[in-house]
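This briefing covers strand pairing and aromatic contacts in a single model. Please read it alongside the sequence and coordinates.

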Amino acid sequence: MTQQSTNTVLIDGFAFTECPRWHGGRLWFVDMHLNKVVSVLPDGSGESTLEVPGSPGGIGWLPDGRLLIVLMEERQILRLDNSGLVVHADLSATVATTLNDLAVDSSGRCYVGETGFDPHEFLSTSADIERVSSGTFECPQPSRLFVVDPDGQYREVASGLSFANGIVIDEKEKFLFVAESFGARLSRYDLRPDGGLGNRTELFLGFAPDGIGLDQWGCVWVADVFGCAAQRIDRNGVLLERTDSEQLCLACAVGGIDGDRLYLCSSPSLDPAECLERLGSKLESHIVRPPVSPNGPRPT
């Protein structure tokens with residue numbers, strides 16, 4: 001596996017950057033602790049900020065361009081209409097903990113995961129981190145995935161996950177990938193025409209994944225939080241390469257004008273109070289090339 005470590009800091013000075021997305025010629029991300037959604041131009045300039053009434057999680061867009069934002073603790077998905085933010089879907093009657101990441105397909109269906117428990121209660125020592133990274137941690141409560149239709153109606157489509165985190169959809173190959181942070185794996189599902197999921201395949205990673213992103217070659221980039229890196233895998237879970245950060249790597253996405261930029265969200269800490277005090281969270285960028293692997297994914 002090739003190791004790479006040359007990143008450029010695109011923008012910094014945030015508390016906790018997460019959930020990066022490339023959309024409409026801009027890089028979008030959230031600051032979970034400052035309760036805002038931010039977008040910038042490819043060079044990091046032209047910052048635009050949207051304040052939200054709670055801690056934001058995953059973001060995505062409906063086919064007509066309207067922005068969707070997860071409100072984690074409220075267990076709601078907001079939609080940005082011309083009149084402002086409105087509730088797109090309310091999962092609070094079904095989800096007892098918090099919502100997390102989100103991905104939207106081309107029809108306007110969105111997939112959202114619940115956490116199932118508070119992760120900060122189980123990551124106080126290096127031994128805890130080792131158990132999580134090795135996949136030997138026993139989750140106190142498994143989590144689920146839900147699909148939300150364009151009209152806001154939702155239903156459960158997957159269960160038994162070890163802390164559902166980043167989600168990406170490969171519509172060409174009809175796959176959905178979800179990171180299981182406390183299971184040290186990704187789960188890959190077949191996408192059904194009705195929005196359901198089937199044929200779960202578990203791809204063991206050997207590290208705790210957080211946010212994930214899909215590149216133009218069908219590879220999945222996975223944030224390796226405690227390894228301070230993003231790792232690239234093919235659709236069968238084969239590790240191809242990595243790029244390192246000097247900080248904890250929280251999430252990643254691929255975009256840019258030519259689709260060849262990997263964007264990393266990084267932070268010096270997971271502790272909310274420390275993050276708010278230091279404001280050391282960043283967006284980093286890195287150039288990615290076509291994968292080289294005998295078992296690699298499809299070419300363009």
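Strands β7 and β8 form a hairpin with five residues between them, and Gly 65 in the turn has a positive phi of about 95°. Strands here are DSSP runs (E, at least two residues) numbered from the N terminus, and two strands pair if DSSP finds at least two bridges between them. This is a predicted model, in which local features need pLDDT of at least 70 and side-chain atom pairs count only at pLDDT 80 or more, while totals for chains, interfaces and linings use all residues. Residues are numbered from 1 along each chain as its sequence is written, and side-chain values use heavy atoms, with hydrogens and water left out.

- Strand β7 (residues 56–61) is largely enclosed by the rest of the structure, because six of its six residues are buried (under 20% relative accessible area with a 1.4 Å probe, protein chains only; exposed is over 50%, partly exposed in between).
- Four bridges join β7 to β8 (residues 67–71), and Trp 61 has Leu 67 as its bridge partner in β8.
- Six bridges join β9 (residues 76–81) to β10 in antiparallel fashion; Leu 78 is partnered by Val 87 in β10.

**Sheet β15-β16-β17-β18**

- Another open antiparallel sheet has four strands in the order β15-β16-β17-β18, its edge strands being β15 (164–170) and β18 (197–204).
- Strands β17 (residues 185–191) and β18 pair over six bridges, with Leu 197 in β18 as the bridge partner of Leu 191.

**Aromatic contacts**

- The structure holds eight aromatic pairs (Phe, Tyr or Trp rings, the six-membered ring for Trp, with centres within 6.5 Å; planes under 30 degrees apart are stacked, over 60 edge-to-face, the rest tilted).
- Phe 14 and Phe 29 are edge-to-face, since their ring centres are 5.2 Å apart and their planes at 90°; both residues are buried.
- Trp 22 and Tyr 263 are stacked, at 6.1 Å centre to centre and 5° between the planes.
- Because Trp 22 lies in β3 (residues 17–23) and Tyr 263 in β24 (residues 261–267), this pair ties together parts 241 residues apart in sequence.
- Trp 22 is partly exposed at 23% relative accessibility, whereas Tyr 263 is buried at 3%.
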